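Subject: Structure handover

Hello,

Here is the structure I promised to pass on. Please open it next to this email and follow along.

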Amino acid sequence: MDVSLTLWVLTIVGLCALIAVDFFIGRKPHDVSIKEAGIWTIVWIVLAALFGLGLLIWGGGQAGGEFFAGYITEKSLSVDNLFVFVLIMAKFAVPSQYQQRVLLIGVLIALVLRAIFIAAGAAILASFSWVFYIFGAFLIWTAWKLIQEARADEEDEEYEENKLLKAAERRFGVADRYHGTKLWIEQNGKRVMTPMLVVMLAIGTTDILFALDSIPAIFGLTQDPYIVFTANAFALMGLRQLYFLIGGLLKKLVHLSYGLSIILGFIGVKLVLHALHESGVHVPEISIPVSLGVICAVLIVTTITSLLASRKQAEAEAAAGGGQDPVKNDIDV
């Protein structure tokens with residue numbers, strides 16, 4: 001699309017206004033209920049759908065289709081982020097009433113970093129079309145790695161702080177406990193970070209690792225920087241509420257890694273085909289409607305099979321547990 005500077009400014013101002021409203025509503029630390037998380041999750045999805053319809057009307061079917069394909073892909077990949085967010089919250093023992101503030105600021109940091117990634121990616125692709133081969137190969141490799149990790153079925157995974165975070169902690173020091181929502185405090189005459197700031201930085205910088213596959217993935221669906229940015233923005237901005245809504249259900253999505261690997265592998269193949277086409281090789285290209293259909297179908301099948309597998313596992317554990325307590329039952333009687 002031919003996006004003017006005015007439209008870019010209006011879009012960014014609009015997104016900032018939505019973030020400000022979100023921050024104002026959740027400014028007071030509190031435990032987020034399932035009802036609150038559910039309502040706001042629906043609100044963000046509706047806002048994304050309305051934006052996509054706007055693109056469909058004013059930008060045409062191609063732009064609208066690319067946005068929805070990109071948004072659904074980024075949203076599904078962001079669910080995988082929630083597993084790591086849970087580990088980070090546990091690692092830093094974040095009090096439940098502060099978790100929504102941590103996620104809000106952490107997601108904002110992630111959004112700024114992704115905007116930088118998107119700008120760099122768009123500039124590189126505009127100058128060097130052969131980069132599509134690299135992006136495609138990287139996504140196929142990432143898909144294979146996801147399958148290997150899922151098959152390994154590792155238990156007791158723990159979050160490890162990245163080098164940037166460790167360097168910041170050594171440079172500024174960290175307080176020994178939380179001080180409400182304060183980010184800095186005076187301790188022994190020295191200004192130090194609070195654990196609140198550390199965990200915000202942990203969530204924001206950890207997203208860089210996820211951006212390494214999600215940004216190439218969405219560039220495989222559209223090369224329009226405006227669509228790439230807005231799809232990422234709407235996917236990330238609803239992530240905080242999604243964390244509280246499905247946090248307890250994450251372990252039930254046992255086949256999510258397989259589904260994401262199929263999606264990344266599919267987009268990787270799409271990128272390679274596009275690169276070959278750009279090089280003058282006559283190969284079929286995968287259209288946006290086909291891409292959107294494949295992505296949605298994979299996510300639906302993955303969710304259904306995950307829930308069925310989790311239910312069977314729960315029933316098996318219940319049956320095993322029910323047959324191992326005869327002594328306890330006698331005592332209870």
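Below is what was found in it, grouped by topic.

**Ground rules**

This is a predicted model, where local features need pLDDT of at least 70, side-chain atom pairs count only at pLDDT 80 or more, and totals for chains, interfaces and linings use all residues. Residues are numbered from 1 along each chain as its sequence is written, and side-chain values use heavy atoms, with hydrogens and water left out.

Helices are DSSP runs (H or I, at least four residues), as are strands (E, at least two), and they are numbered from the N terminus. Buried means under 20% relative accessible area, exposed means over 50%, and partly exposed is in between (1.4 Å probe, protein chains only).

**The salt bridge**

How many salt bridges does the structure hold? The answer is one. A salt bridge here is a side-chain nitrogen of Lys or Arg within 4 Å of a carboxyl oxygen of Asp or Glu. The partners are E74 and R114, with 3.1 Å from N to O. This pair links distant parts of the chain. E74 sits in helix α3 and R114 in helix α4, 40 residues apart. Are these two buried or exposed? Both E74 and R114 are buried. As background, side chains of opposite charge can pair when their charged atoms come close.

**Two surface patches**

Patches are made of residues with over 30% relative accessible area and no salt bridge; like charges are joined within 9 Å, and nonpolar side chains (Val, Leu, Ile, Met, Phe, Trp, Tyr) within 5 Å. Accessible areas come from the Shrake-Rupley method with a 1.4 Å probe, and for residues only the protein chains shown count as cover.

Start with charge. K163 belongs to helix α6. K163 counts as exposed because its relative accessible area is 76%.

Now the nonpolar patch. Its members are I42, V46, L50, L53, L56, I57 and W58. Together they have about 780 Å² of accessible area. I42 is part of helix α2. I42 has 55% relative accessibility, so it counts as exposed.

T41 lies in helix α2 (residues 34-58). With a relative accessible area of 7%, T41 is buried. A polar atom of the T41 side chain lies 2.7 Å from the backbone oxygen of A37. For reference, a polar contact is a pair of N or O atoms within 3.5 Å; within protein, one must be able to donate a hydrogen and the other to accept it, and residues adjacent in sequence count only if both atoms are side-chain atoms.

**Loops**

Look next at A93. A93 has a positive phi of about 45 degrees, although it is not a glycine. A93 lies in the loop between α3 (61-91) and α4 (99-127). Its relative accessible area is 55%, so A93 is exposed.

P284 is in the loop between α10 (256-278) and α11 (288-322). P284 counts as exposed, at 63% relative accessibility. From P284 to A110 the distance is 36 Å, C-alpha to C-alpha, and the two are 174 residues apart in sequence.

**More distances to check**

- R151 is in helix α5 (residues 131-152) and is exposed, at 59% relative accessible area. Its C-alpha is 20 Å from that of L87, 64 residues away along the chain.
- V272 is in helix α10 and is partly exposed, at 25%.
- D213 is in helix α7 (residues 195-219) and counts as buried, at 16%. D213 and H282 are 69 residues apart in sequence and 27 Å apart in space, C-alpha to C-alpha.

Best wishes
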